[in-house]
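Subject: Structure for your files

Hello,

Here is the structure for you to look through. My notes follow below it.

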Amino acid sequence: MMPRPGFDDVSPQVGAGSDAETLQRAIALVRAWRDPALPGLVFLIALAVTGGGAIAFVVFQIVGVPYVALQLPFVVSGALGGAALVMTGALLAAVLAERRDRVIARAEMREVVDELCAIVHLVSQRRQ
């Protein structure tokens, strides 16, 4: 995997002090912040939170209503819509995480294949 310019090419020296640990955490935080999937994940979390808010709003609206017939419009419009938002956000977040894991696995496999090709090349040079 080709390193990106910026913080990807920084590797702190692991030492006995807590400064190295703090630097590693800071670099991990910057990498997570610069992740291209972050805006999509934030949107999906906001979608799920909005759905949860809609469900909570419906619950607070129907608490004092004794008749089911009067509760039904709130449940149909708010609770079902909120549940749909929560499920959509969770499903798309799972798809996004699966795609990210697949990209990472392909990059790791590419690195392994590159290392294996380099070893085969060195062995073939040594035999000559």
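**Notes on the chain**

Gln71 lies in helix H3; helices (H or I, at least four residues) are DSSP runs, numbered from the N terminus. Because its relative accessibility is 18%, Gln71 counts as buried, where buried means under 20% relative accessible area, exposed over 50% and partly exposed in between (1.4 Å probe, protein chains only). Leaving aside residues up to four places away in sequence, Gln71 touches Ile62 and Val65, contact being heavy atoms within 4.5 Å.

The model is predicted, so local features need pLDDT of at least 70 and side-chain atom pairs count only at pLDDT 80 or more, while totals for chains, interfaces and linings use all residues. Residues are numbered from 1 along each chain as its sequence is written, and side-chain values use heavy atoms, without hydrogens and water.

The chain averages a pLDDT of 85, and 87% of the residues score at least 70; pLDDT is the predictor's confidence in each residue, from 0 to 100.

In H2, the buried residues are Leu44, Leu47, Gly51, Val58 and Ile62, and H3 is included in what covers them. The 25 residues of H2 should span 36 Å at 1.5 Å a residue, and the end C-alpha atoms are 36 Å apart, which agrees; the expected span is 1.5 Å times one less than the number of residues.

Ile55 is also placed in H2. At 30% relative accessibility, Ile55 counts as partly exposed.

Regards

Technical notes: Helix = DSSP H or I, 4+ residues; strand = E, 2+ residues; numbered from the N terminus.
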